[in-house]
Amino acid sequence: MNTGKAAADPPAPAVEIGGLVKRYGHTAAVDGLSLTAVRGAVTGILGPNGAGKTTTIEICEGYRRPDQGTVRVVGLDPLRDARALRPRIGVMLQSGGIPPSVPAADYLKLLSSFHINPIDTALLLDLVGLTPVARTPYKRLSGGQQQRLSLAAAIIGRPELIFLDEPTAGMDPQARHTTWELIAQLRKAGVSVILTTHFMEEAERLCDHVAIIDHGQLVAAGTPEQLTGTVGQLRFRAEAGLDVDSLLTVLPPASAVKESPAGHYVIEVHGAVDPLLLAAVTAWCADRGVLANSLRIESRTLEDVFLELTGKELRT
Amino acid sequence: MTVFPRDGDPPGPPRARAGLPPSSSLGPPGGPLGLADTTSGNPEPSGTSLFAPAPGAAPLGRMVAAQAGLESRTLLRNGEQLLLILIIPLLLLAAFSLEPLVNFGAGLSRVDFLTPGIIALAVMSTAFTSQAIATGFERRYGVLKRLGATPLSRGGLIAAKTATVVGVELVQGALIIAVALAIGWRPDASPAAIVVAPLLIMLGTAAFSGLALLMAGTLRAEATLAAANLVYILLLGLGGVVFPLTKFPATARPVLELLPTGALSTGLRSVLQHGVVFPVGNIITLAAWAAVAITLATRMFRWD
């Protein structure tokens with residue numbers, strides 16, 4: 001995956017959020033969130049259910065008024081400058097938004113007539129694989145087809161920035177893959193993308209930058225490599241019940257050993273796993289007559305990072 | 001060339017793409033976007049793709065026309081709505097004109113009495129009932145919310161809805177007048193009626209639209225559906241549409257004439273049947289309903 005580099009002289013970031021607070025009653029859905037999404041990159045907002053992802057994205061889209069803090073989208077205030085901002089962004093809501101009885105092609109034609117340089121409707125239908133159902137009312141499309149129509153509607157006006165709230169939810173793996181390719185093409189064309197997702201693979205493959213939020217606050221931000229690369233992992237399988245405390249004594253300080261599930265061992269060290277560490281572990285095993293099976297060196301996945309930071313599984 | 005596989009789609013170059021930039025700007029051969037071949041290691045230069053940002057809002061008139069066109073087509077394709085806005089008014093006009101089902105008074109033409117009432121019913125069915133139900137479900141399905149993120153402003157959306165209502169009313173009016181004339185309608189109107197009758201209809205449309213949006217913007221979609229239909233039935237009976245308000249008790253009549261349907265049907269009847277030049281009371285009543293309903297709808301309407 002490429003790491004997105006913003007243009008050298010962007011007039012303003014795609015999205016710039018500072019000290020954002022949004023309360024519903026006594027609970028703060030967003031609680032002092034600050035983050036910046038650079039232009040021309042794919043920025044993922046990850047978080048468990050109820051973390052404030054959709055609230056944040058809907059404030060950027062101008063749907064909700066922040067209680068505190070500042071939000072700038074391509075340098076504009078989403079509420080005060082709504083009229084100037086709307087033509088420049090594309091929006092895919094988490095669900096719905098399309099009249100149930102309207103055929104797919106008619107809906108795209110409507111949205112295309114709102115813009116001065118729209119993508120041709122027939123071509124766009126073809127690109128998202130909806131040509132065979134162009135005359136089918138929205139309500140009779142499958143869940144994945146509905147998502148693709150909603151994505152097509154977000155990009156038909158050739159926006160410079162698109163907000164995608166869980167773009168591949170409800171898609172089968174093949175449709176998900178091709179949607180990823182479409183998003184990669186948008187990025188290559190210079191479109192900035194802000195997306196929320198529950199799929200770690202999506203974030204790892206697609207995103208140049210990732211912001212993990214929980215309880216309405218930013219808990220980590222960076223490239224997927226930065227987030228996953230700070231901890232190296234050495235995994236192996238062996239008989240259950242090895243003396244992990246003894247193993248710890250041959251490892252560098254601040255390392256950790258877990259057996260989970262039984263017989264599966266994970267050693268985590270700061271930085272990368274190096275040859276000395278590998279030698280120390282295999283020597284320790286040899287001393288005890290233990291054969292380490294399926295021994296492999298990995299970095300953490302975003303899923304691991306996420307779990308560690310939020311204490312929650314992403315998919316619930 | 002499709003991103004998504006299509007059943008029965010033959011392999012081969014993409015079909016003609018009308019209205020696009022010259023094909024040289026579409027990226028490398030083999031696919032307009034290089035989407036089909038992401039492993040070629042031949043990325044197109046950024047900025048030349050079909051997706052290269054080129055945002056901008058269309059002129060307001062074009063947006064409003066497109067939105068009104070879609071809303072009109074949706075409305076006219078919906079069987080229940082057609083029943084409400086066209087079939088019921090025309091059936092009532094024909095049935096009550098041809099058969100003496102109600103005694104309107106000796107020596108009076110039935111169709112002369114009925115036509116203004118049926119026009120009032122048509123205005124109510126389009127501007128109030130149909131619009132309330134459609135808007136209620138648009139809100140429920142997030143359609144209004146999604147439109148809020150497009151270049152079409154709220155004012156533009158209201159303009160499109162108004163254009164839809166007026167367009168449908170013109171169709172209704174043409175059909176009702178044609179059927180009424182065929183049955184034998186001979187309006188007794190002053191020349192001013194050519195201005196005053198449309199004024200009454202305009203004020204009635206404004207009042208009914210305000211009430212429709214007030215209902216659709218505050219109640220749940222199902223509640224709006226039920227309430228809008230109930231109001232339609234009640235005012236069909238109590239609004240002076242087919243049953244003369246003179247048949248109601250003298251105490252009830254002034255109240256019924258203060259309802260928007262009663263005011264519109266009575267006003268139209270004064271102008272088209274009795275040759276009254278300017279039914280001041282009915283016009284004030286409708287204007288007051290319009291002002292109150294639109295003010296409340298503006299303040300209370302929830303878009304999502």
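Modeller: Gladly, and please keep in mind that this is a predicted model. Read along the sequence, chain B follows the pattern α-α-α-α-α-α-α-α-α-α.

Colleague: Are helix 3 and helix 5 of chain B roughly parallel or roughly antiparallel to each other?

Modeller: Two packed helices are described by the angle between their axes and the distance between the axes. For helix 3 (residues 110-140) and helix 5 (residues 154-183) of chain B, the axes come within 10 Å and cross at roughly 160°. An angle over 145 degrees counts as roughly antiparallel, and therefore helix 3 of chain B and helix 5 of chain B are roughly antiparallel.

Colleague: Is B:Ile119 buried or exposed?

Modeller: B:Ile119 is found in helix 3 of chain B, and, leaving out residues up to four places away in sequence, B:Ile119 touches B:Gly173, B:Ile176 and B:Leu268. A residue needs 20 or more other C-beta atoms within 10 Å to count as buried. Because B:Ile119 has 28 other C-beta atoms within 10 Å, B:Ile119 is buried.

Colleague: How do helix 6 and helix 10 of chain B lie, roughly parallel or roughly antiparallel to each other?

Modeller: The axes of helix 6 (residues 193-216) and helix 10 (residues 280-300) of chain B come within 7 Å and cross at roughly 30°, and helix 6 of chain B passes helix 10 of chain B in a left-handed crossing. The residues of this contact divide into 17 nonpolar, three polar and no charged. Since angles under 35 degrees count as roughly parallel, helix 6 of chain B and helix 10 of chain B are therefore roughly parallel.

Colleague: Which helix of chain B gives the most to the side of chain B that touches chain A?

Modeller: Between the two chains, 45 residues of chain B are in contact with 47 residues of chain A. Helix 1 (60-77) and helix 4 (143-147) of chain B each supply at least two residues of the side of chain B that touches chain A. With six residues, the helix of chain B that gives the most to this side is helix 1.

Colleague: Which residues touch the most other members of the largest nonpolar core?

Modeller: In soluble globular proteins, nonpolar side chains tend to be buried together. Leaving aside neighbours within four places in sequence, A:Tyr107 is in contact with A:Ile98, A:Val102, A:Tyr138, A:Leu149 and A:Ala153. Of the 87 residues in the largest nonpolar core, those that touch the most other members are A:Tyr107 and A:Ile162.

Colleague: Is A:Glu166 buried or exposed?

Modeller: A:Glu166 lies in the loop between strand 6 (161-165) and helix 6 (173-188) of chain A, and its phi is near 55°, a positive value in a residue other than glycine. Because A:Glu166 has 20 C-beta neighbours inside 10 Å, A:Glu166 counts as buried.

Colleague: And A:Ala254, does that residue count as buried or exposed?

Modeller: A:Ala254 lies in the loop between helix 9 (244-249) and strand 11 of chain A, and A:Ala254 has a positive phi of about 70° although it is not a glycine. Because A:Ala254 has 8 C-beta neighbours inside 10 Å, A:Ala254 counts as exposed.

Colleague: Is the peptide bond from A:Ser260 to A:Pro261 cis or trans?

Modeller: Most residues other than glycine have a negative phi, and most peptide bonds are trans. A:Pro261 is found in the loop between strand 11 (256-259) and strand 12 (264-270) of chain A. With omega near -10°, the peptide bond from A:Ser260 to A:Pro261 is cis.

Methods
Residues numbered from 1 in each chain as written. Chains lettered and ligands numbered in written order. Predicted model: local features only at pLDDT ≥ 70, side-chain atom pairs only at ≥ 80, totals over all residues. Axes fitted to C-alpha atoms, helices over the stretch in contact; angles between N-to-C directions. Helix = DSSP H or I, 4+ residues; strand = E, 2+ residues; numbered from the N terminus. Parallel < 35°, antiparallel > 145°, perpendicular 65-115°, else oblique. Contact = placed C-beta atoms within 7 Å. Left-handed = near helix turned anticlockwise from the far one by under 90°. Nonpolar A, V, L, I, M, F, W, Y, C, P; charged D, E, K, R; others polar. Buried ≥ 20, exposed ≤ 12 C-beta atoms within 10 Å, placed from the backbone. Core = buried A, V, L, I, M, F, W, Y, C linked by C-beta atoms within 7 Å.
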